[in-house]
Amino acid sequence: MFLDALDVSMVGVALPSIGAELGLTTTSLQWIVNGYVLGYGGLLLLGGRTADLLGRRRVFLAALAVFALASLVGGLVDNGVLLIVTRFVKGLAAAFTAPTALSILTTTFHEGPARNRALSVFSVFGASGYSSGLILGGLLTGFGWRWTFLTPVPIALIALVAGAALIPRDKPAASGGHDLVGAVTLSGGMLLAVYTVVSAPDRGWLDPVTLGFAAAAVALLVAFFVTESRVRHPLVRLGILRIGAVVQANLSIVALFGSYLSFQFMMTLYLQDVLGWSPLKMAMALLPAGLFVAFGSPFVGRLIDRYGTARLIITSMASLTLGYGWFLATAGNAPHYVLTILPTMLLLGGGFAFGFSSIMAQATDGIDDSEQGLASGLVNTSGQVGAALVLAVVTALVATGTTTGGDGFSDFTPGVNLVSAVAVTGLILNLLALRRRSRHHKPA
């Protein structure tokens with residue numbers, strides 16, 4: 001968890017430097033983020049299912065070794081396309097480590113206070129990795145952006161040795177199988193959907209090629225759901241989507257990850273490319289959000305025990321909504337750090353601190369141990385796919401504003417409006433779910 005968050009934030013800080021050295025446009029740069037996100041999200045369900053079938057320890061260690069190798073190669077290439085490919089491979093590896101790690105945790109700790117505390121610790125490591133990545137990314141980019149790719153290698157090797165020593169051996173499932181058709185149709189559909197959105201501003205939304213890609217993406221995603229309803233060992237048992245709390249958690253993680261990752265992408269480009277801030281100065285500006293999550297997450301487990309996941313997720317969505325709203329209300333033509341950026345990052349950090357552990361707990365509560373890998377893979381997939389699609393639309397909006405020759409921040413305003421709408425949608429959906437639940441349990 002620490003390694004995944006570290007890698008994402010370090011590379012985010014280095015994006016402008018990568019673009020300058022390799023001659024990449026804003027649209028190309030977003031693929032360095034989305035290449036990882038799509039590789040991650042596209043195979044998360046297969047990763048979680050594989051862990052359930054072949055054994056969690058074995059899958060975790062093998063995927064972690066691939067992650068380390070892809071990090072090393074990414075730090076050595078000189079071509080933008082190859083760099084994006086290495087990011088995609090790292091995402092594929094993370095698609096097996098992330099749900100496996102979460103299912104190891106949820107099968108080790110019983111549902112209730114023990115699991116809630118464990119999830120809080122899990123969140124602390126993620127926040128610490130994110131915060132450390134911002135600082136290290138700012139420092140290392142000054143020496144060269146390649147160090148942001150090479151630094152995860154020794155950390156991955158340490159995690160590999162620790163995993164081999166500490167993770168208990170488990171037995172593969174006695175029965176089951178893989179759904180490769182489901183994995184291919186899901187991954188292909190998501191890749192085509194994101195590519196269609198990103199390339200549409202240049203090609204035209206009504207261009208025949210754009211419409212063809214959109215139709216192909218829809219066809220692949222429909223084929224995925226048809227496959228899941230008929231195959232003997234589905235990648236996703238569609239019955240799990242009948243559990244209201246699971247669906248709610250998956251929609252909430254879309255709002256959380258989709259809005260937050262896209263906002264960070266815009267701030268990274270705006271503060272460095274428009275305002276001319278150094279990578280370290282930019283990283284320190286975004287750091288308060290990570291610190292809030294790191295220091296606040298240890299207490300979230302106890303809050304879940306006391307108030308339940310639903311109320312904490314609503315608090316998370318409200319904090320995100322207030323953060324983006326405050327930014328839009330006070331930014332003007334040039335956002336001031338103390339007045340605008342700092343309060344925004346604190347509100348977003350609060351939203352992430354309350355939301356992540358609560359959403360993960362809600363997504364896995366009441367799920368049998370045999371499907372913990374599926375449940376954790378499903379919620380992680382929703383977060384990554386949601387982040388990829390929201391980021392694709394945000395990138396299209398920012399690229400359109402840049403080509404029309406705006407005055408700097410005005411180019412990013414449509415993107416901030418979009419992430420605000422995503423957060424508001426998440427808040428409304430959770431409020432409606434809580435209201436329905438209150439009516440259902442109301443005494444006669």
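Student: Is the crossing of α3 and α4 left-handed or right-handed?
Tutor: The crossing of α3 and α4 is left-handed, a term used if the near helix is turned anticlockwise from the far one by less than a right angle, with right-handed used if clockwise. Please note that this is a predicted model, in which local features need pLDDT of at least 70, side-chain atom pairs count only at pLDDT 80 or more, and totals for chains, interfaces and linings use all residues. Residues are numbered from 1 along each chain as its sequence is written, and side-chain values use heavy atoms, with hydrogens and water left out.

Student: At what angle do α3 and α4 pack?
Tutor: Helix α3 (residues 56-74) and helix α4 (residues 80-108) pack at about 155°, and their axes are 8 Å apart. That makes α3 roughly antiparallel to α4; angles over 145 degrees count as such, under 35 as roughly parallel, 65 to 115 as roughly perpendicular and the rest as oblique. Axes are lines fitted to C-alpha atoms, for helices over the stretch in contact, and angles run from 0 to 180 degrees between N-to-C directions. Helices here are DSSP runs (H or I, at least four residues), numbered from the N terminus.

Student: And which classes of residue make up the contact of α3 with α4?
Tutor: That contact has 15 nonpolar, seven polar and two charged residues. Ala, Val, Leu, Ile, Met, Phe, Trp, Tyr, Cys and Pro count as nonpolar, Asp, Glu, Lys and Arg as charged, and the others, Gly among them, as polar.

Student: Moving on, how do α10 and α14 pack?
Tutor: α10 and helix α14 (residues 337-364) pack at about 150°, with axes 10 Å apart. The two helices are therefore roughly antiparallel to each other, and α10 passes α14 in a left-handed crossing. Their contact (heavy atoms within 4.5 Å) includes F257, Y260 and F263 of α10 and F352, G355 and F356 of α14. By class, the contact of α10 with α14 has 18 nonpolar, six polar and no charged residues.

Student: What about α11 and α14, at what angle do they pack?
Tutor: Helix α11 (residues 279-296) and α14 pack at about 30°, with axes 7 Å apart. That makes α11 roughly parallel to α14. The crossing of α11 and α14 is right-handed. Among the residues in contact are P288 and F292 of α11 and M345 and G349 of α14.

Student: Let us change topic: how many cavities of 30 Å³ or more are found?
Tutor: A search of the whole structure finds one. On a 1 Å grid over the protein atoms alone, a cavity is a set of points where a 1.4 Å probe fits but cannot get out, whereas a pocket is an open set with protein on both sides within 12 Å along at least five of seven lines; lining residues have an atom within 4 Å of a point. The largest cavity has a volume of about 30 Å³.

Student: Which element gives the largest share of the lining of that cavity?
Tutor: α10 does, with four residues. The lining consists of F263, M266, M267, Y270, F327, F409, F412 and V416.

Student: Finally, what is the volume of the second largest pocket?
Tutor: Its volume is about 510 Å³, a volume being the space filled by probe spheres set on the grid points, which are joined across faces, edges and corners. The second largest pocket is lined by 20 residues, of which F225, L378, T381, S382 and V385 lie nearest its centre. The largest share of its lining, six residues, comes from α15.
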